[in-house]
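Colleague: I would like to go through this model term by term. Tell me what each label rests on.

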Amino acid sequence: MRSANGATPPNGGRDPVNAPILAAMELLGQRWMLRILWELEPGRLGFLELRRRMDNCSSSMLSVRLQHLQTAGLIVKNADKSYELTTAGTGLTAALHPLWDWSRHWTPPAGEPAV
């Protein structure tokens with residue numbers, strides 16, 4: 001697909017506005033995004049508890065990622081400053097359950113390299 005000036009866009013002509021899956025992959029492909037959703041899937045968490053569960057994610061990075069997920073409509077910050085999934089976020093995590101199930105079977109035993 002070529003643009004009006006004849007150049008092929010760098011993404012092969014797949015505009016994220018017209019290809020929602022590409023926009024979703026771009027958002028969720030950012031480091032920590034899926035982990036945040038994973039941690040919020042069971043229920044709401046405050047920032048400090050979420051940060052504690054996030055291993056090596058800095059507070060500033062966590063804040064940025066939480067803001068992106070809020071802007072995307074996947075999580076909400078409550079009046080008590082806790083975070084939880086929105087209906088869209090819950091739908092996304094439900095869609096990710098098969099991937100999480102698959103990963104349990106794919107992950108090699110400790111000490112063995114991935115194939």
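Colleague: Take Tyr-83. What is Tyr-83 in contact with, leaving aside its neighbours within four places in sequence?

Modeller: Contact means heavy atoms within 4.5 Å. By that rule Tyr-83 is in contact with Leu-40, Arg-44, Leu-45, Phe-47, Leu-66, Gln-70, Ile-75, Val-76, Lys-77 and Asn-78. Tyr-83 and Arg-44 are 39 residues apart in sequence, yet their C-alpha atoms are 5.3 Å apart.

Colleague: Before we go on, what are the ground rules?

Modeller: This is a predicted model: local features need pLDDT of at least 70, side-chain atom pairs need 80 or more, and totals for chains, interfaces and linings use all residues. Residues are numbered from 1 along each chain as its sequence is written, and side-chain values use heavy atoms, with hydrogens and water left out.

Colleague: How confident is the predictor in the chain?

Modeller: pLDDT is the predictor's confidence in each residue, from 0 to 100. The chain averages 86, and 79% of the residues score at least 70. Over residues 1-6 the pLDDT is below 50; that stretch has 7 contacts in the model beyond near neighbours in sequence.

Colleague: Why is Tyr-83 called buried?

Modeller: Buried means under 20% relative accessible area, exposed over 50%, and partly exposed in between (1.4 Å probe, protein chains only). Tyr-83 has 6%, so Tyr-83 is buried. Ser-82 has 5%, so Ser-82 is buried too. Buried residues make up 26% of the 115 residues in the chain.

Colleague: What makes the pairing of Ser-82 with Asp-80 a polar contact?

Modeller: A polar contact is a pair of N or O atoms within 3.5 Å; within protein, one must be able to donate a hydrogen and the other to accept it, and residues adjacent in sequence count only if both atoms are side-chain atoms. The side chains of Ser-82 and Asp-80 make one at 2.6 Å. Another, of 3.2 Å, joins the side chains of Asn-78 and Glu-84.

Colleague: Where is Asn-78, and is it buried or exposed?

Modeller: Asn-78 lies in the loop between β2 (75-77) and β3. Its relative accessible area is 16%, so Asn-78 counts as buried. Not counting residues up to four places away, Asn-78 touches Arg-44, Tyr-83 and Glu-84.

Colleague: How do you know that Trp-32 and Asp-55 fall into separate accessibility classes?

Modeller: Trp-32 is at 14% relative accessibility, so Trp-32 is buried. Asp-55 is at 49%, so Asp-55 is partly exposed. Trp-32 sits in the loop between α1 and α2. Its phi is positive, about 85°, although it is not a glycine. Asp-55 sits in the loop between α3 (47-53) and α4. Its phi is near 50°, also positive in a residue other than glycine.

Colleague: What makes a set of residues a nonpolar core?

Modeller: The members are buried Ala, Val, Leu, Ile, Met, Phe, Trp, Tyr and Cys residues joined through side-chain atoms within 4.5 Å. The largest core here has 21 residues; Ile-36, Leu-37, Leu-40, Leu-50 and Ile-75 touch the most other members. α1, α2, α4 (59-71), β3 and α5 each supply at least two residues. α2 gives the largest share, 4 residues. Leaving aside neighbours within four places, Leu-40 is in contact with Leu-45, Leu-50, Ile-75, Tyr-83 and Leu-85.

Colleague: How do you know that the span of α5 is close to the expected one?

Modeller: The expected span is 1.5 Å times one less than the number of residues. α5 (residues 87-106) has 20 residues and reaches 29 Å from first C-alpha to last, close to the expected 28 Å.

Colleague: Where does α5 bend?

Modeller: At Leu-96, by about 35°; Pro-98 follows within four residues. The bend is the angle between axes fitted to the seven residues ending there and the seven starting there.

Colleague: Which residues of α5 are buried, and what do they pack against?

Modeller: They are Gly-89, Leu-92, Thr-93, Leu-96 and Trp-100. These buried residues pack against α1 (20-28), α2 (33-40) and β3. An α-helix has 3.6 residues a turn, so residues three or four places apart point the same way.
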